[in-house]
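Thanks, everyone, for making the time this morning. Please have a look at the sequence and the structure while I talk through a few local details.

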Amino acid sequence: MGICDSGSSDNQTGVNNSFQNQIPNQSSKYFSNQSISSQDLVINNNVIVSESHAGIEANYIKEKLLGEGSFGEVWLVKHRLIGKEYALKIIEKGPYSNTQQIDNEINILKKLDHPCILKIIEFHSTSSKYYLVTDYCPEGELFNEIKKKDTFTEREASYILYQVLLAIRYCHKMRIVHRDIKPENILIVGREPSGLLNVKLIDFGTAKIFSENSKSKALVGSSYYIAPEVIRGKYDEACDLWSIGVIMYIMLVGTPPFNGEEDDDILRAVSIGKYETSYPQYQNLSFEAKDLITKLLKFNPVDRITAQEALKHPWFNTPDIQNIDYLDENISRQMLANMENYKSDNIIKCAVLAYLVHQNTNIKECRDASKFFSSLDSDHDGKLLKTELIGAYMKYYNLSEQQSINKANYIFKNIDTDNNGMLESEEFIRACINPNIFTSHNYLKVAFDYFDRDGDGTISISEVEEKFFQGTKQTPKTKEKLKKMFNQIDANKDGTISFEEFSYMIKGVISS
């Protein structure tokens with residue numbers, strides 16, 4: 001993908017002997033007295049995912065037009081430095097564009113951190129257009145796969161729907177209802193050697209944050225997949241499970257459960273809620289498949305199965321799904337060891353790793369860490385509790401419960417960078433991986449540009465503060481600590497951090 005080898009020479013980074021002589025040779029003690037840890041500042045997606053001030057074209061090259069419509073265009077783009085491919089959605093602003101919906105999608109995606117949900121990398125807004133850079137899913141929509149096949153086998157369908165349910169279980173735990181789940185909003189990331197599909201859920205433009213016992217009224221969604229209570233104008237997150245039930249029926253039976261020539265005909269059929277069970281394809285389904293369809297398409301949302309319950313349904317009790325997060329035990333043990341060695345006493349290093357991991361979750365090391373995270377997340381809520389990490393130490397190292405508790409306490413203190421008492425996927429990943437994979441020149445330049453907001457080739461203290469203090473309270477003590485850390489990186493004391501100073505600092509704290 002054009003990524004430089006991690007063993008870059010000093011000439012590649014621009015570090016020379018005269019520059020190194022300006023800095024004391026004490027990288028193992030870097031900022032030991034004035035460090036700012038995650039206990040002082042929070043690193044979350046509001047810090048990691050930000051608006052590009054340089055403009056999207058400065059960092060990305062357009063490769064191919066993937067699609068276009070009334071909303072605008074979707075392009076395959078390649079990052080100029082690291083060569084990684086992303087999708088770029090360009091949305092025209094105008095009298096008929098829903099700017100509120102676009103802002104809503106950006107804000108919702110920034111909150112979400114789950115391997116089965118499309119990630120937003122960065123965004124940019126001009127007077128005439130929105131630019132959204134996201135993960136690239138090379139095989140397109142599940143809708144196109146459905147059009148190619150008459151029906152899916154139960155094995156194929158269960159593997160896909162399990163991932164969709166994982167995403168929705170996480171969303172509902174985060175109190176987010178999607179409201180427009182359909183095959184067009186499920187993208188295929190790739191295929192397992194067995195041919196089974198890996199997918200991600202997309203399009204959160206109509207998603208909504210809900211509160212307990214609250215009901216929505218807006219008629220949102222697509223006619224084939226809309227739940228009857230949405231048509232009635234009083235619904236909650238259970239509407240997402242109905243939509244998944246419709247998709248399951250279509251995949252296994254080959255026709256929509258509620259059909260019609262016009263949208264009004266379809267909505268009328270949905271409002272009645274009766275679907276056909278006499279088709280031979282339906283009759284030939286396993287008892288477990290029929291049972292899950294019935295539970296997902298319960299007319300009364302109160303009686304409908306939840307995402308958490310659906311994930312435990314016997315239909316998903318298959319070898320494929322039991323091994324969906326399989327990882328070699330030696331790799332798992334190494335990741336636990338990496339977590340113990342991870343240090344959060346340098347907030348700039350933590351932010352750099354957070355940013356680079358977020359941009360590169362599809363590289364092998366990050367994919368392995370994501371699998372490890374999912375294998376430990378026993379309740380499938382997309383959050384790792386301390387008890388789940390304790391179980392990992394007892395399993396992989398055969399430690400006593402108290403020893404495992406001590407290990408888990410130490411790790412949580414170091415890597416819970418948003419201080420919420422649980423680990424999100426990317427927090428876990430950046431502590432699990434070997435950070436040396438990100439020490440090449442090009443990766444460091446990408447991270448440097450992330451801080452260099454005005455693109456002048458240097459980082460000022462105001463740019464660092466802008467990153468860390470947006471939306472958080474500044475205390476004089478924390479601000480002073482950050483300034484002292486900045487001054488220690490600024491080896492030649494010119495009031496700014498050059499790329500050479502930045503690279504030397506990052507390599508020093510990563511290798512210490």
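This is a predicted model: local features need pLDDT of at least 70, side-chain atom pairs count only at pLDDT 80 or more; totals for chains, interfaces and linings use all residues.

I would like to begin where Cys350, Leu353, Ala354, Val357 and His358 of helix 15 meet Glu426, Ile429 and Arg430 of helix 19. Sorted by class, this contact of helix 15 with helix 19 is made up of five nonpolar, one polar and two charged residues. As for the geometry, helix 15 covers residues 347–359 and helix 19 covers residues 425–432, and the two pack at an angle of about 110 degrees with their axes 10 Å apart. Since angles from 65 to 115 degrees count as roughly perpendicular, helix 15 and helix 19 are therefore roughly perpendicular to each other.

The protein chain has a mean pLDDT of 86, and 89% of its residues reach 70 or more. Over residues 1–38, however, the pLDDT is below 50, although this stretch has 77 contacts in the model beyond near neighbours in sequence.

Let me turn now to lysine 182, which sits in the loop between strand 6, residues 176–177, and strand 7, residues 186–191. Is this lysine 182 buried or exposed? Its relative accessibility is 17%, and because buried means under 20%, lysine 182 counts as buried. Setting aside the neighbours within four places in sequence, lysine 182 is in contact with Ser222, Tyr225 and Ile247. Isoleucine 202 lies 20 residues from lysine 182 along the chain, and the C-alpha atoms of these two residues are separated by 9.7 Å.

I am happy to take questions at this point.

Terms used
Residues are numbered from 1 along each chain as its sequence is written. Side-chain values use heavy atoms; hydrogens and water are left out. Axes are lines fitted to C-alpha atoms, for helices over the stretch in contact, and angles run from 0 to 180 degrees between N-to-C directions. Helices (H or I, at least four residues) and strands (E, at least two) are DSSP runs, numbered from the N terminus. Angles under 35 degrees count as roughly parallel, over 145 as roughly antiparallel, 65 to 115 as roughly perpendicular and the rest as oblique. Contact means heavy atoms within 4.5 Å. Ala, Val, Leu, Ile, Met, Phe, Trp, Tyr, Cys and Pro count as nonpolar, Asp, Glu, Lys and Arg as charged, and the others, Gly among them, as polar. pLDDT is the predictor's confidence in each residue, from 0 to 100. Buried means under 20% relative accessible area, exposed over 50%, partly exposed in between (1.4 Å probe, protein chains only).
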